[in-house]
Amino acid sequence: MRHVQGRARRTGAALAAALTWATLLAGCSSGGSGLLGLDGAPGRPPAAEDVIHVTPGDDSKAVRPDQRLRIEVPDGRLQKVTVVRSQDAQDSPVPGHIGDDGRTWQPDEDRLALAATYTVDVVARDADGRRAARHTTFTTLVPGRRFIGYVTPENRAVVGTGMIVSLGFSRPITDRAAVERAVRVSAQPPVEIRPHWFGDSRLDFRPEQYWKPGTEVTVDLNLRDVQGAPGVYGLQDKTFAFTVGRSQISVVDAVRHTMRVRRDGRLLATVPITAGAPENPTYNGKMVVMAMLAVTRMNGRTVGFGGEYDIPDVPHAMKLTDSGTFVHGNYWSPDAPGHVNVSHGCVGLRDVKGGSSATPAGWFFDRSLVGDVIDVVGSTEKTVAPDNGLGGWNMTWEEWKAGSAVK
């Protein structure tokens, strides 16, 4: 009997203990103050999305680049934020910072990248000190149309002091200010450089005066994902650089049929030339050598002259304007240079068929660079338009600066 009574006592004690835990559990369920949350804080662990707010929302698609990434804990503090951008098969961390109040995080970048997946991992504590973690992803817009900028001069070129940095865009730009802000042209030694728009597809940069010899110029294109027109976004994130060589400025006198060539201010030579005939005079004004061709074909039909000429082997040709003005060798009118103007608007120097360095044309070609200045005076024609080639030096500095889209 004593043995049976002892078992009964133990059974009764176990039942009482079980009832006690059941009562505690029931009390915790109804009152919410008996259980301990994560890290010992009272109450149930909060839902992560209630504690941590992420914009754009989880699994958002086609997010526009101007939508801001923002992470916020309205009641609590952020502990750790990690954001990774996956683009072009590469993962890159997105730098950012937590605000002074500890409740918000924003990226250091102004814009989201296009055609990218963003992965966001956040750890935070709510107002009661309970810990929460959230993992979200979203993808950005994949644009159907892109634009790029074609840069003049070429990367790593050595150019004359009259070179103008010119960007031609593959698509018309309507948001010129956004594109202009995304392009930076800098120089060493430093000099003020300003932009000027010619229409909706061309943006040029230059200093107030010709570059100083030896200047190193850098062109940073930060165009990737910049919206240049509705639905049209930039593609490039690239840097170009070039060096300014010696100064060479040549003055063509259409009345005297001469060209005075000055190197670093010193007269190298006075060369006989033939300019545009009275019915087709050469443009007045400052023009810049845009390209140099040892030999090229010149056909009047390509520049609006009909079939008046077609010369397949023009030697020592240096392009000055988009409309077809060149300095070039002339072997078909050997007596004209120095005496009479017979060309269709070009500047001709004496040469031989096939070209020769021993001729005035060959001598000048061998001593020239892209970016050298040719200044024509005394012609009866108007001054060359600033957007005809690199003619921007014919504008005053005030006129030039007025062409910026950023006011």
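Tyr-210 is partly exposed, with a relative accessible area of 25%; partly exposed means between the limits for buried (under 20%) and exposed (over 50%), using a 1.4 Å probe and protein chains only. This is a predicted model, in which local features need pLDDT of at least 70 and side-chain atom pairs count only at pLDDT 80 or more, while totals for chains, interfaces and linings use all residues. Residues are numbered from 1 along each chain as its sequence is written, and side-chain values use heavy atoms, with hydrogens and water left out.

**Overall make-up**
- The protein has 5 helices and 29 strands; these are DSSP runs numbered from the N terminus, with helices (H or I) of at least four residues and strands (E) of at least two.
- Of the 407 residues in the protein, 44% are buried.
- Taking contacts (heavy atoms within 4.5 Å) between residues at least 6 apart in sequence, 64% join residues at least 24 apart.

**Aromatic pairs**
- The structure holds 7 aromatic pairs; rings of Phe, Tyr and Trp (its six-membered ring) pair if their centres lie within 6.5 Å, and planes under 30 degrees apart count as stacked, over 60 as edge-to-face and the rest as tilted.
- One of them is the stacked pair of Tyr-118 and Phe-138, at 5.0 Å centre to centre and 5° between the planes.
- Tyr-118 belongs to strand β8 (residues 117-126) and Phe-138 to strand β9 (residues 131-140), 20 residues apart.
- Tyr-118 counts as buried at 1% relative accessibility, and Phe-138 counts as buried at 1% too.
- Tyr-210 and Trp-393 make an edge-to-face pair, 4.8 Å centre to centre with 75° between the planes.
- Tyr-210 is in the loop between β16 (202-207) and β17 (216-222) and Trp-393 in the loop between β29 (373-377) and α5 (397-401), so this pair ties together parts 183 residues apart in sequence.
- Trp-393 counts as buried, at 8% relative accessibility.
- Phe-147, Phe-169 and Trp-197 form one aromatic cluster.

**A four-stranded sheet**
- The strands of an open sheet run in the order β11-β13-β16-β15, with antiparallel pairing; two strands pair if DSSP finds at least two bridges between them.
- Its edge strands, β11 (149-152) and β15 (193-197), each pair on one side only.
- β15 and β16 are joined in the antiparallel sense over 5 bridges, and Pro-195 stands opposite Phe-205 in β16.
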